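The stops below are given in the order in which to select them.

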Amino acid sequence: WPPPPPAPLQRLRPEPRRPARPSSDGGAPLDGLCLLEPGPANVTRAKSRRAKVRRSACALELAEPWAALSAKVNNLVACAVEPSCRLQYPLYKLLAGDADAISYKDVTDYASTSAECATGFAAAMAIVALHAQLEGDGDALGVDRMLKLVSTHMPFTPDSLQFTFGLARPLLTVQELQNVARRRLVGLLNMPAESRNLPHRQFTPLGGNVSDSESHLPLPLCVVLRHASDASVLSLRNAVESLATGGVLSNGVRLLLRMKDCSGHWRDVRTPEGWYLIWLQRRFDTVLVCGSAGAASAAACSSDPQALALHLDTSWHLLPFRTGLVAHHLRAAAAVLLDPASAEVLAVSLSEKELLGIGGVQGSGRRALRVFSRKAIQGEDLGDLLLSTPSLVGSWDVSAAADLLNGLGSFFAERIPSSGDVLDRVSQASADAQPCSVDSEVLCIPAAWVASRLGSSSSDVWLARTSTPLPASAATHGGGGSARVALSRGVFGQATGETFDITPSAAGTLGVPGCFACELVKPEEDFTLYLAGMDVLGPCRELFSNLLMDALETLQLSSFQGPHVTVVEPFIANAVWRKYDQKEADKLKASGKATSIYSFWNEETSCGLRHGSATRFGDLFDWNALVRWLREVRGIRGGVSWHEFVKRSQSSLDALVMLSDHPGNRDLGRERTTCGDDDSPSTMRFFDTDFKVSRRLCVRSTSERHAGGFELRFLDLPRLRDAVRTAVERAKSEGRRWASVGLFLYWVEGPERARLHPGRYGQLSTHNYYASIWQGIRYAPTIMTRASRVSGRLGLSQRRYLAAHWRQGDWFLGPHPRKLQQAELAQAPRFAAMLRRHLAQRGLNTVFLMTNAAPDSEQVRALHAELPEASIVQAPSLRGDRHNLRQLLLEMSIASAADFFVAFGDGVVQGHSSMPSLLVLQMRLHAGAWPLESNAFSFARGDFQDALGL
């Protein structure tokens with residue numbers, strides 16, 4: 001870092017004056033960007049501040065575009081730290097255009113740009129990051145990636161954090177923004193395992209009962225759900241189904257639905273709207289209140305004086321936290337309202353406040369930051385600051401949050417904080433924001449600080465007494481006097497879309513698909529719609545993990561199709577490819593026939609079928625537990641085995657939807673069937689069954705944004721809806737009380753893959769904000785029984801251990817170049833060094849290997865030799881290819897229970913990760929409640945967060 005050139009005084013002079021205009025908050029005038037009067041006092045003050053600067057790390061600070069940006073940053077920061085100066089807008093807004101001109105270029109140019117002026121580049125990127133979060137969607141992954149990209153171009157050391165650009169310290173700003181962004185990203189990915197203030201434990205076993213033992217709710221409880229009559233029924237479903245999945249609509253909880261107008265299609269059972277209202281009344285004994293009958297709705301909730309009401313409208317949904325954590329937060333909120341010493345508390349806010357980044361709840365962070373531009377603070381400003389505090393600093397430390405915002409408001413200029421009056425007011429007010437009781441994690445504050453939010457269930461989710469229902473409490477108390485409200489860290493988020501987008505890259509979507517044919521069958525009608533996932537056995541097709549994901553995508557989509565649905569237990573193809581070693585690959589290369597890396601992947605080379613059989617889903621995962629869970633939270637009719645379905649359907653399909661060509665069967669003389677539409681009857685084989693198919697439809701996406709091959713994996717939902725509706729209509733016209741639809745969705749991309757590969761498409765998909773079907777997945781009882789026996793034999797039952805997935809021998813062909821690199825990195829010396837580091841960091845000395853390498857293989861012997869200080873153990877193998885999947889699940893279950901798990905690959909976001917490793921991560925998150933921090937990836941670098949590949 002060369003020393004900067006002397007700073008000439010003209011850089012601190014104001015820009016040409018413009019006609020003065022009063023500032024919006026009544027402070028000193030704002031003359032365009034002329035923020036300092038050019039008198040001697042201000043020049044001297046600027047000089048003295050500049051004298052403190054050590055280094056700027058900007059070799060070209062006097063050249064354009066850096067000189068202009070530096071001068072503008074100087075003027076604005078000087079005003080930000082000047083008590084008598086006011087800004088009409090926060091700095092990031094005033095500088096956004098200049099920053100965008102520098103940052104808007106190809107990332108390959110960032111190295112040369114930052115070399116010209118590292119601190120100027122950091123300043124521009126910090127401004128863009130703030131603008132993205134405070135004025136836009138602020139995707140958690142995108143912001144984290146952008147800030148990390150900045151950090152790769154400059155050193156972050158205690159000394160470099162003091163480097164300046166003008167009067168600003170942009171590296172310090174970037175670091176603080178990165179801390180907030182990283183905490184948010186990890187928190188979002190951790191939601192299924194989140195335990196927060198609860199001590200970490202395995203809430204539920206990896207096998208067995210799906211419901212959390214700590215999920216009992218405070219009763220009596222009434223959910224008051226408001227829905228606008230002109231809003232989509234999908235929004236209503238989105239809110240209701242999230243509550244049901246999260247365990248809030250369990251036995252003993254009453255659902256009360258309020259609508260101003262229940263007429264029209266809401267009263268017609270032949271419409272999706274009318275049908276869904278009828279089903280809600282049957283499913284949850286829902287009370288429907290039409291008009292503005294507030295008193296009537298309160299009475300309908302409960303006559304018990306201790307009853308509580310959860311108020312929300314259908315723009316909110318329950319986030320995918322564990323049911324135990326949801327119940328914990330509701331109980332903590334209820335304890336405040338039921339405490340006689342807290343009679344002045346009107347309600348408890350339950351909007352989620354920790355995973356929103358700088359933006360805060362409904363823009364509370366943006367409003368709070370403006371306070372430091374105005375240098376004046378009012379009551380509701382304190383409310384905005386408190387609502388943002390958990391996201392900013394991860395706790396209720398409002399003073400720390402205020403310090404952070406004050407620093408961001410001036411890009412951490414070297415100064416005595418100019419917002420001293422604001423900080424003093426925050427310090428004084430913090431005495432009025434205290435835990436509601438000695439051991440409470442809920443914060444009690446004056447109601448005046450959130451008066452504009454209190455009366456509305458669209459601005460927050462409130463738990464209140466039924467004796468003082470919202471919005472009457474706001475009108476009655478006016479937020480004044482001694483009235484208080486409580487703030488929980490919360491569990492509810494706001495929907496970011498109005499429709500359902502099934503693609504994994506969805507940036508704004510609801511979490512619930514439409515019900516394709518529900519209104520064709522009355523809720524009380526005796527009718528069964530069988531939805532069955534289909535697949536075939538054959539060479540060079542995807543293997544277990546991707547086929548399992550196909551099954552889970554199919555089950556997830558099917559589970560939202562109403563009370564007449566019966567899901568069919570899928571088979572998972574157990575395909576074992578022929579052995580193809582390095583010698584054979586070298587021979588093919590020598591022949592000149594290996595024209596590309598894909599030359600090794602065909603039936604004659606590495607993916608010819610050595611063994612093919614089908615394994616029941618229930619042999620691997622607990623099918624009965626999954627069906628019970630889906631009946632409870634989705635309201636489906638039930639589930640049946642494959643063979644029972646074949647018997648009941650008479651081996652017939654009213655409709656077959658295809659995402660892939662059917663490969664045919666050479667042994668049976670059947671040709672390949674392309675993905676297409678055909679209304680003529682045909683016979684097609686899936687697994688070991690020949691089905692009579694009445695109608696075929698290809699449901700590949702026809703969207704232009706999926707063109708170029710991606711349509712092979714994305715669904716066209718309207719066409720899928722048409723297929724299901726036609727099947728139901730056909731069955732009813734024939735007088736049948738059942739219809740069957742086959743779903744041949746081979747290698748489909750959908751919400752579950754979005755949650756498995758977060759950030760796969762460059763951003764954190766909105767699907768991550770909704771519940772996964774993994775919430776209901778547990779290992780099969782037979783798998784758990786054998787895992788317990790094997791763990792005991794290996795000495796793992798009574799000791800802490802690390803589990804590592806170590807893939808050996810089958811990646812020397814790629815097919816991606818990164819896979820070839822990973823094969824080298826997975827050699828025993830390097831792999832042992834990585835394991836040694838994790839063992840030492842966590843005080844462990846036992847390694848369980850989840851691997852395809854045999855215990856007596858050369859690779860395993862080499863690993864033992866490289867890591868002699870550790871005990872390395874493996875599960876005994878089940879003999880025979882037909883047991884391959886059971887063996888894999890056994891090893892996955894033991895790895896899922898480990899104190900620390902090392903997945904094989906680059907990272908959860910970086911990609912190039914082995915699919916079985918990602919499946920183990922899902923089981924650890926959902927079934928074991930192990931946080932992300934209890935995992936790492938074998939080829940990632942850096943601290944634990946980088947070790948996750950984030």
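A crossing of two helices is called left-handed if the near helix is turned anticlockwise from the far one by less than a right angle, and right-handed if clockwise. Helices (H or I, at least four residues) and strands (E, at least two) are DSSP runs, numbered from the N terminus. The model is predicted, so to speak of local features takes pLDDT of at least 70, and side-chain atom pairs count only at pLDDT 80 or more, while totals for chains, interfaces and linings use all residues. Residues are numbered from 1 along each chain as its sequence is written, and side-chain values use heavy atoms, with hydrogens and water left out.

**Stop 1: H6 and H8**

Select helix H6 (118–135) and helix H8 (170–189). H6 passes H8 in a left-handed crossing. Their axes come within 8 Å and cross at roughly 35 degrees; axes here are lines fitted to C-alpha atoms, for helices over the stretch in contact, and angles run from 0 to 180 degrees between N-to-C directions. Now show side chains for the contact (heavy atoms within 4.5 Å). On H6 these are Thr119, Ala122, Ala123, Ala126, Ala129, Leu130 and Gln133, and on H8 they are Pro170, Leu171, Thr173, Val174 and Leu177. Colour them by class: Ala, Val, Leu, Ile, Met, Phe, Trp, Tyr, Cys and Pro count as nonpolar, Asp, Glu, Lys and Arg as charged, and the others, Gly among them, as polar. The contact of H6 with H8 then shows nine nonpolar residues, three polar and no charged.

**Stop 2: the second largest pocket**

For the search, a 1 Å grid is laid over the protein atoms alone: a cavity is a set of points where a 1.4 Å probe fits but cannot get out, a pocket is an open set with protein on both sides within 12 Å along at least five of seven lines, and lining residues have an atom within 4 Å of a point. Grid points are joined across faces, edges and corners, and a volume is the space filled by probe spheres set on the points.

The second largest pocket holds about 870 Å³ of space. To centre the view on this pocket, pick Asp137, Arg184, Leu356, Thr496 and Tyr769, which lie nearest its centre among 35 lining residues. Which element gives the most to the lining? S10 does, with three residues. By class, the lining of this pocket has 16 nonpolar, 14 polar and five charged residues.

**Stop 3: the largest cavity**

The whole structure contains 17 cavities of 30 Å³ or more. In the largest cavity there is about 230 Å³ of space. The lining of the largest cavity comprises 14 nonpolar residues, five polar and one charged.

**Stop 4: H13 and H14**

Move to helix H13 (residues 364–374) and helix H14 (residues 379–393), which pack at an angle of about 130 degrees with their axes 8 Å apart. H13 and H14 are therefore oblique to each other, given that angles under 35 degrees count as roughly parallel, over 145 as roughly antiparallel, 65 to 115 as roughly perpendicular and the rest as oblique. The crossing of H13 and H14 is left-handed. H13 makes the contact through Ser364, Gly365, Arg367, Ala368, Val371 and Arg374, and H14 through Asp381, Asp384, Leu385, Leu387 and Ser388. This set has four nonpolar, three polar and four charged residues.

Then step back to glutamine 362, in the loop between strand S6 (345–351) and H13. Its phi is near 50 degrees, a positive value in a residue other than glycine.

**Stop 5: two cis peptide bonds**

Select glutamate 64 and proline 65, joined by a cis peptide bond with omega about 5 degrees. Proline 65 sits in the loop between helix H1 (40–51) and helix H2 (66–80). Next select leucine 219 and proline 220, where the peptide bond is also cis and omega is about 0 degrees. Proline 220 belongs to the loop between H8 and strand S1 (221–226).
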